[in-house]
Amino acid sequence: MRNHYTQLTQLIISSLLLLGSTIAQAGPEIQHWQTSNGAQAYFVPAPELPMVDIRIVFDAAGARDNIPGVALMTNGLLEEGTADMDANAIADAFAAVGAQFGASSHRDMSVITLRSLTQPELLDKAISTTTKLIAEPSFPKASLERERKRMLIALQGKKQSPAAIAREAFFTALYGDHPYANEATGTEESIQLIKRQHLTEHHQRYYVGRNAIIAIVGAVDRQQAEQLAETLLSKLPAGKTANPIPEVTSLKRAELVKKAFPSSQTHLLVGQPAVKRGNEDYFALFVGNHILGGSGLVSRLSDEIREKRGLSYSAYSAFSPMRERGPFRLGLQTRNDQADEALKILMQTLEEFMAGGPTADELIAAKKNIIGSFALNLDSNSKIVENIAMIAFYQLPLDYLDTYTNKIDAITIEQIKAAFKRHVQTDKMVTVMVGGEE
Amino acid sequence: MKIGFTLAALLSFGLSGCATLQQDNHQTNSTNNGKAAVHEYQLDNGMKIFVKEDHRAPVVASMVWYKIGSSYENNGTTGVSHVLEHMMFKGTEKYGPGEFSRIIAENGGKENAFTSRDYTAYFQRLHKDKLETSLRMEADRMRNMKVLDEEFAKEIQVVIEERRMRTEDDPESLTYETFSASAYTTNPYRHPVIGWMNDLENMTAQDIRDWYEVWYAPNNAALVVAGDVDPEQVYQLAKKYFAPLKPIKYITPPKPQQEPEQKGQRRVIIKAPAELPYLLMGYKAPSVTGAKEEWEPYALDVLSSVLDGGNSARFAKNLVRGQQVAASAGAGYSPFSRLDTLFLFDGNPAQGHTMAELEQAIREQIELVKNEPVSDDELGRIKAQVIAADVYQLDSVFYQAMKIGQFESIGLDWRLSDQYAERILQVTAEQVQKVAKKYLVDDSLTVAILEPQSMSAASGKLPHHAGERH
């Protein structure tokens with residue numbers, strides 16, 4: 001009752017502010033339970049289309065790596081073999097029922113996705129294949145050797161991309177000794193060190209019930225969803241939740257990393273570690289950044305750098321909250337001989353924003369856009385499943401989506417200024433420039 | 001698998017008469033398997049309107065499609081369609097530069113536009129209540145765009161930066177550009193969508209104005225709306241804003257520019273600073289618009305899935321996992337384009353293997369599909385995936401609108417897109433073998449090879465156009 005009342009009050013106040021637009025927009029109702037081995041399960045029914053999307057996330061990604069690349073390799077090699085199926089048999093099994101299986105792994109999350117039709121004879125087969133490869137991967141040695149080579153080629157390929165080099169240098173400079181410094185793909189040195197045993201150990205430690213969340217969206221009922229979650233994770237031991245990852249320390253001073261590259265453009269990244277998921281300043285930072293560089297063409301950065309001066313195709317800024325403090329970054333690419341000018345304007349724009357905050361008009365426009373486009377972020381099963389998996393993984397409140405628009409609407413100019421002051425120090429930022437001659 | 005970029009439209013972040021409703025100009029078409037109907041209308045000024053209902057979420061995807069793209073362009077002004085697309089965000093008689101984007105944003109909208117070989121499209125994704133704003137604004141810029149010299153001067157630099165990012169500094173994309181210009185002789189698909197650098201450097205504001213005058217009008221456009229809408233209301237709104245627009249008197253379709261028959265294999269080498277060698281191969285192949293036999297493009301499509309339809313396809317099984325000769329290997333073909341096209345192969349050799357070995361391995365796979373019919377199991381898997389994908393695609397409101405617009409813009413009936421799965425299901429193993437034999441022949445093959453050059457910046461010469469301004 002109290003909740004309803006609060007929401008109603010906010011609705012009225014907000015409506016006045018935004019001249020009649022509807023503010024409180026509910027997200028889908030998320031059902032939640034725990035599987036018998038301790039995995040957290042989340043479900044949103046979507047009966048319209050005869051299909052189901054399943055997303056399983058293990059806290060087992062790059063941040064867990066002692067040898068960078070192990071987490072990615074472990075997740076990627078799940079589909080290389082089980083006790084009774086080899087990689088070809090697994091691939092055929094999914095294709096034969098029209099199911100789409102996916103595996104990806106970054107810094108926080110190792111993700112398994114499955115999309116299938118709900119016709120029982122198709123879905124059952126897709127589920128049984130997925131169940132096996134999650135719980136009983138055989139990690140064939142030959143697959144490891146082949147994938148090691150492919151990874152090395154991929155790493156070599158990154159060296160021909162100024163954007164990839166800049167991104168890597170940026171994370172290295174931001175995170176130093178912290179595991180977030182590493183790319184999930186590892187390095188040419190670390191990839192050489194990976195043994196099969198590292199994969200089995202990583203799997204045993206982290207692919208366990210208590211370290212998993214599963215999100216299901218589709219044309220199944222609650223009972224079926226519970227069964228799906230139970231089946232998919234049933235063969236995993238309960239195990240233990242992963243330990244906390246180390247805290248990220250703040251940068252002590254500004255740093256400029258310049259790298260020569262035979263490109264016509266310089267790729268520029270500026271930033272520092274900022275906030276983690278769940279930080280109370282997140283909404284203020286998000287709205288502020290929307291105005292600064294998060295809203296495409298209408299943002300200040302884009303206006304100054306692209307619209308007014310034609311310096312870059314894209315100029316943006318973003319906060320990427322993670323389990324621990326994820327990066328705040330500003331970026332652009334421009335012809336080598338105007339890189340310094342572009343950097344100057346980028347920093348000026350940031351500093352002006354930090355000093356003065358957004359204008360009242362900018363704030364209203366940003367709120368109208370974020371609140372008005374809320375429904376667009378939840379207009380498909382694939383977007384809903386991704387959202388609830390994010391909420392689940394980062395243990396955000398289950399009413400996160402329901403309260404989202406109200407929280408956005410409540411943000412003030414002062415809150416944005418204060419939040420930026422707390423989380424962004426323009427005199428202690430990393431600047432990475434890749435391109436042109438030294 | 002990597003071939004994505006070659007078939008994808010060039011996305012640009014905007015970054016990128018009075019009709020009365022008559023029986024005749026409104027058709028509703030229900031198709032089988034329970035798909036929602038597409039409601040079709042036409043205004044007296046020639047503009048077509050398509051509405052597809054999807055009531056799962058209170059949103060709408062609204063798109064205006066123009067039959068104009070890089071394959072309509074002339075030497076000297078390649079890239080003009082794409083630059084024009086950029087300028088469409090730079091103001092009209094009524095609205096200042098950037099105001100379009102600000103108004104859409106304030107209405108909770110997300111917008112963008114894209115230019116491809118065959119079409120240019122502008123879209124907004126909005127809450128369903130805001131559709132009118134989008135239609136009002138799109139109608140305004142359909143006939144009233146204003147190209148200011150000073151805005152053009154800045155925006156052409158943005159496009160040049162875009163070209164640097166997408167092409168100049170990306171060796172594989174540079175390879176693809178040279179490859180296309182070698183494979184096609186007269187077919188305008190030889191030109192990059194973004195345009196040649198020198199053409200961009202010499203483009204003028206007047207080029208944009210002229211191009212706009214020739215192609216931007218209701219009789220060369222289609223409105224596609226998908227989402228939580230009532231078709232009749234959409235039609236009434238569209239009529240309110242688009243019906244008053246004047247059509248162009250004569251729309252002169254481009255000449256056929258039919259490609260002369262290729263008489264012998266072509267091979268080109270591209271040298272650029274790079275780390276990985278890269279192989280691109282393309283055989284001349286018909287699209288649905290040019291195919292003499294209706295089934296052939298669908299058989300070619302199945303053929304591409306046999307080779308590269310995911311992890312269970314032959315390239316993944318044989319080239320990546322089996323022989324381990326490829327770090328990546330892809331095959332790509334799209335039946336749906338305005339002009340005839342290419343059946344593509346690409347890849348990077350695995351560690352310890354040469355480009356020659358990779359090419360040889362791909363050619364062996366090609367010989368195999370020519371010599372032996374594909375197995376029932378393989379065909380069964382491909383069809384199962386197509387049946388499933390036919391359902392999965394309905395999860396995206398945007399994609400549903402996209403497909404209608406795409407078909408309409410390349411001169412095909414959108415119903416054909418609904419029949420896609422059905423037609424694929426009719427393809428036999430014998431037909432797959434037939435098209436492989438007929439089209440994957442050496443005399444119509446073009447091969448491009450990226451030969452990596454030193455990456456050290458000191459030895460890397462900056463492209464000659466760096467620093468030029470006009």
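Residues are numbered from 1 along each chain as its sequence is written, and chains are lettered from A and ligands numbered from 1 in the order in which they are written. In this predicted model, local features need pLDDT of at least 70 and side-chain atom pairs count only at pLDDT 80 or more, while totals for chains, interfaces and linings use all residues.

**Exercise 1. Overall form of chain A**

Task: State how many helices and strands chain A has, and compare its radius of gyration with that of a compact globule.

Solution. 
1. Chain A has 16 helices and 11 strands. Helices (H or I, at least four residues) and strands (E, at least two) are DSSP runs, numbered from the N terminus.
2. The radius of gyration is taken over C-alpha atoms, and the globule rule is 2.2 Å times the number of residues to the power 0.38. For 438 residues the rule gives a value near 22 Å, and the 23 Å of chain A agrees with this.
3. The C-alpha trace of chain A spans about 60 × 60 × 35 Å along its principal axes.
4. In chain A, 54% of the 438 residues count as buried. A residue is buried if 20 or more other C-beta atoms lie within 10 Å of its own, exposed if 12 or fewer, and partly exposed in between, with C-beta atoms placed from the backbone.

**Exercise 2. The five-stranded sheet of chain A**

Task: Determine the strand order of the open sheet in chain A, and explain why strand 7 and strand 9 each have one side without a neighbour.

Solution. 
1. The order of the five strands is 7-11-8-10-9, with mixed pairing. Two strands pair if DSSP finds at least two bridges between them.
2. Strand 7 (255–259) and strand 9 (315–319) of chain A are at the edges; each has a single partner strand, so one side of each lacks a neighbour in the sheet.
3. From one strand to the next, the twist averages 15°. Axes are lines fitted to C-alpha atoms, for helices over the stretch in contact, and angles run from 0 to 180 degrees between N-to-C directions.
4. Strand 8 of chain A pairs with strand 10 of chain A in the antiparallel sense over nine bridges; here Leu269(A) stands opposite Gly331(A).
5. Strand 8 of chain A also pairs antiparallel with strand 11 (residues 430–434) of chain A over five bridges, and Gly271(A) has Val430(A) as its bridge partner.
6. Strand 9 and strand 10 (residues 327–335) of chain A are antiparallel as well, over five bridges, with Phe328(A) the partner of Phe319(A).
7. Nine of the nine residues of strand 8 of chain A are buried, so this strand is largely enclosed by the rest of the structure.

**Exercise 3. Helices lying across the sheet**

Task: Identify which strands helix 10 of chain A lies across and which strands helix 5 of chain B lies across.

Solution. 
1. Helix 10 (residues 282–294) of chain A lies across strand 9 and strand 10 of chain A, at about 170° to strand 9.
2. Helix 5 (residues 149–168) of chain B lies across strand 8 (265–273) and strand 10 of chain A, at about 105° to strand 10.

Key
Contact = placed C-beta atoms within 7 Å.
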